[in-house]
Structures are given as structure tokens and as C-alpha cells.
Amino acid sequence: MEEDMIRRKAELILGGEVRIPAGYRLPVRISRSTAGPGAGSRGIVLSFHGMRVKKPICDEGGDFELVPTEEGLRLERGGRTFIERVELEPVIYHSPGQAFFNLDQRCDFRCLFCSSPSLGVEATKGLTPERIAEMVAEAAEREDFVSAALTSGVVGGIGETVERMARTVELIKEKVPWATVGVEPYVDSEEQLLRLRDAGADEMKINIETPDEGIFRKVCPDLDRGLLHRMIEAAVEIFGRGKVSSNIIIGLGESDASVLEEMERLAAMGCAPGLRPLKVNDINRGQLEEALGPLPGIDAERLLRLGREQKRIMDAHGLDSRTFSTMCFECGCCDLVPFRDF
Ligand code: SF4
Ligand code: SF4
């Protein structure tokens, strides 16, 4: 049963939109993400069997359908029951339990999979460090509040972006000293990591993005892979084992062997690798296919297989997703999370 549900989670993550039946009023606020795989879309969080998935919603078409029943809600696919009982879980900001803010959806860099800089709306306008700290303080009053987190595109230089993030962490910690705060910056010096730690950041996420050097050069032309590895190593020294994580995107044409090698490399440094299935959308499809050719697609089998390897590797290096209480390991909406989901 459990194995079946994990497979359902994998299929749900990889599948398309969820249709909301006409006339059904959602009892939760719709999440409008400006970062992550759901950037630019309206989304809801479905929870089932202790797991959760964030899905974009639509009024017509779609891959899945939410069906109200006497007992609650059922998720169907192609007119058949996909998950008998699902619940709608509220997000605080972006994520259930978390006040997770994108400081700026614009970015000076051009990672081809990333939709944030292309969002037409000034989605993060007005989100000053002061305003974010106030919003975290309000969110911290909620019973379901777990933590706060910050991400950001790089705007006006790496150093300036990190400083804006550090300042925001400081203001959050002034208002809610007990809140755990996670940060997801692009950094290029150890001093920036120390600045973020001294500001009060508890957890760090530095994304390596892809395990394949050739793919990396094509999809992250402005990032430096060697630097990312050095920063991850330094981050583990500064924030500690089990407090640093890094996303590896699956579905850009990388081999399983390269994913395993990268996970081993990160875990050996004390950094927990996260596996993030690529989300292809109208914003990133053209530019990804131009650079990489036709995209291979991902099936649930591969996600499950690599997920089991991820768990084995983390375990062998004494790493566990439950040492994190911020960002994607805590949220679990976009990935299979070892030690939590399976
Ligand atoms: S550094 Fe790359 S992934 Fe991060 S926001 Fe900028 S373009 Fe997107
Ligand atoms: S798993 Fe990460 S990217 Fe996905 S909704 Fe949660 S916090 Fe955002």
C-alpha cells in the first residue's frame, strides 16, 4: 500500500494540471508561486497518506480532477479514482507551514529551466526586507507555522543580493528570534556565507542544478559549477552537516550514473542532495529544447529508482531530510522526500 502511494505521489508530481469542478469554491487560498517548479502558476497543495504535492489548477481540461464526495475530496485521473481521499492543505506563504519568500523574481542570470525572471508580473514588488519581516511575524502567530525561508534571483550583483537577504534574516530574527530561517542564495565567497550565518540563517541551500558538466554549461551559462561545489563545502563547515542541501534537477538529459556520482559527492561533503524533477512549461520549453534538443521526459520508475538511491546514499553518510525544518525537504510538495515520504 505504502509503495503504491509513493508511486502515486511520483505520478502526481510528474502529471499535469488538476481541474477544479465548476462551482466548487476552494476552502484554501490559492498559492501563486514566483520561484520553484510552480513559478507563474496558480496552485493548491493536496495531501494524502502523510505526503503532499503542490499542483497547478485549471477550470477546464487538466490531467487530474478534484471530485467532492460525501466524505471529502477524491482525486481522479481519466474518470477513474487516482487517490481515494485527498485533503487541501493551506500554504502560509508559498509552502504549507512556511513563510517562504522570493525577495526578487528578476535575475541577472539566465538558467534555461528557470521561469522566475520571465514572469510578466512584478510578483515580488513591494516585498521589502521590513515588509517580509512583518509578514513572518504575523505568520508566526499561526498554529501551523513551522519556519521561514528566503530565496532570490540575483539582482544588482551577487554581493548586494546576499546582503539584502542577510538584512531580511536579521529583521526576521529581531521580530521572531525563535523562528528557524532557511536561505537559498547564490554565493561566491565564504564571507557571504558567514554574513548569512551571523545574520541568523539556520539552514542553507545551494543548488548544483545538474550533475552533468556539459549540460550545466548549456543550461546555467552564467553560473560556475566549481564555485558551487566550493561554496557547498564551505557552507557545511559553517552551518553544519544536515543543515545544507542542494537540488539536482532530473530530466535534462543527464545519466543515472552522473546523478548517483553527484549525490555521492555532495553527501560525502555533508550536504543532503535533493532530487527535483524538471517541470517543463510554456516559458522554459523553447529555450531548453533549443539548447539541449528534445527533452527525454521522466517517468515515475526513474524517479522512484533514483529516490531509493538518494535515500541509500544519504543514509550511508549519516544524512536525513528530517534534520531540516525549512525549504524543500520540509515542504515536500515537489519531490519524493526520503525519510519522510518513504
Ligand atoms: S540564478 Fe538561475 S535558477 Fe536562480 S533565479 Fe537566477 S536564473 Fe533562476
Ligand atoms: S518543495 Fe520547494 S519549490 Fe516546491 S513548493 Fe515546496 S518549497 Fe517550493
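Biologist: What do the buried residues of H7 pack against?
Modeller: In this predicted model, the buried residues of H7 pack against helix H6 (225-239), strand E13 (244-250), strand E14 (272-277) and helix H9 (300-316).

Biologist: Which residues of H7 are buried?
Modeller: Val259, Glu262, Met263, Leu266 and Ala267 are buried in H7. Looking down the axis of H7, one finds these buried residues within an arc of 130 degrees, so they line one face of the helix. On the other side of H7, the exposed residues are Ala257 and Ala268.

Biologist: Why would residues three or four places apart point the same way?
Modeller: An α-helix has 3.6 residues a turn, so positions three or four places apart point the same way.

Biologist: How far apart are the end C-alpha atoms of H7, and what should the helix span?
Modeller: The end C-alpha atoms of H7 (residues 256-269) are 20 Å apart, which agrees with the 20 Å that its 14 residues should span at 1.5 Å a residue. The helix is followed by Gly270, which has a positive phi near 95 degrees.

Biologist: Back to the packing: at what angle do H7 and H9 pack?
Modeller: The angle between H7 and H9 is about 25 degrees, and their axes are 10 Å apart; the two helices are therefore roughly parallel to each other. Their crossing is right-handed.

Biologist: And which residues of H7 and H9 meet?
Modeller: From H7 there are Asp256, Val259, Leu260, Met263, Glu264 and Ala267, and these meet Leu306, Glu309, Gln310, Ile313 and Met314 in H9. Val259, Met263 and Ala267 are also among the buried residues of H7.

Biologist: OK, H9 itself then. Which of its residues are buried?
Modeller: The buried residues in H9 are Leu303, Leu306, Gly307, Gln310, Ile313 and Met314. Around the axis they cover an arc of only 130 degrees, which puts them on the same side of H9. The exposed residues Glu301 and Ala316 are carried by the face of H9 turned away from its buried side.

Biologist: What covers the buried residues of H9?
Modeller: The cover includes H1, E13, H7 and E14. As for its dimensions, H9 has 17 residues and reaches 24 Å from its first C-alpha to its last, close to the 24 Å expected at 1.5 Å a residue. H9 is followed by Gly318, whose phi is positive and near 70 degrees.

Biologist: How do H1 and H9 pack?
Modeller: Helix H1 (residues 2-14) packs with H9 at an angle of about 120 degrees, and their axes are 9 Å apart. That angle makes H1 oblique to H9, and the crossing of H1 and H9 is right-handed. In this contact, Ile6, Arg7, Ala10, Glu11 and Leu14 in H1 meet Ala300, Leu303 and Leu304 in H9.

Biologist: Switching to H4: which residues are buried there?
Modeller: In helix H4 (residues 190-199), Gln192, Leu193, Arg195, Leu196 and Ala199 are buried. Viewed down the axis of H4, the buried residues fall within an arc of 160 degrees, so they line one face of the helix. The exposed residues Glu191 and Asp198 are on the face turned away from that buried side.

Biologist: And what do the buried residues of H4 pack against?
Modeller: They pack against helix H3 (158-175), strand E11 (181-184) and H6. Just after H4 comes Gly200, which takes a positive phi of about 120 degrees.

Biologist: What about Glu209, what is its phi?
Modeller: Phi of Glu209 is near 70 degrees, a positive value in a residue other than glycine, while most residues other than glycine have a negative phi. Glu209 lies in the loop between strand E12 (203-205) and helix H5 (213-219).

Biologist: Is Glu209 buried or exposed?
Modeller: Glu209 is buried, because 23 other C-beta atoms lie within 10 Å and the cut-off for a buried residue is 20 or more.

Biologist: And Met327, where is it found?
Modeller: Met327 is found in helix H10 (residues 327-331). Although Met327 is not a glycine, it has a positive phi of about 60 degrees, and it is buried, with 24 other C-beta atoms within 10 Å.

Biologist: Last one: which residues does Pro68 touch?
Modeller: Leaving aside residues up to four places away in sequence, Pro68 touches Tyr24 and Leu73. Pro68 and Tyr24 are 44 residues apart along the chain, and their C-alpha atoms are separated by 8.3 Å. Pro68 is in strand E5 (residues 64-68) and counts as exposed, with 12 C-beta neighbours inside 10 Å.

How values were computed: Residues numbered from 1 in each chain as written. Chains lettered and ligands numbered in written order. Predicted model: local features only at pLDDT ≥ 70, side-chain atom pairs only at ≥ 80, totals over all residues. Helix = DSSP H or I, 4+ residues; strand = E, 2+ residues; numbered from the N terminus. Expected span 1.5 Å × (residues − 1). Arc of directions from axis to C-beta. Contact = placed C-beta atoms within 7 Å. Axes fitted to C-alpha atoms, helices over the stretch in contact; angles between N-to-C directions. Parallel < 35°, antiparallel > 145°, perpendicular 65-115°, else oblique. Left-handed = near helix turned anticlockwise from the far one by under 90°.
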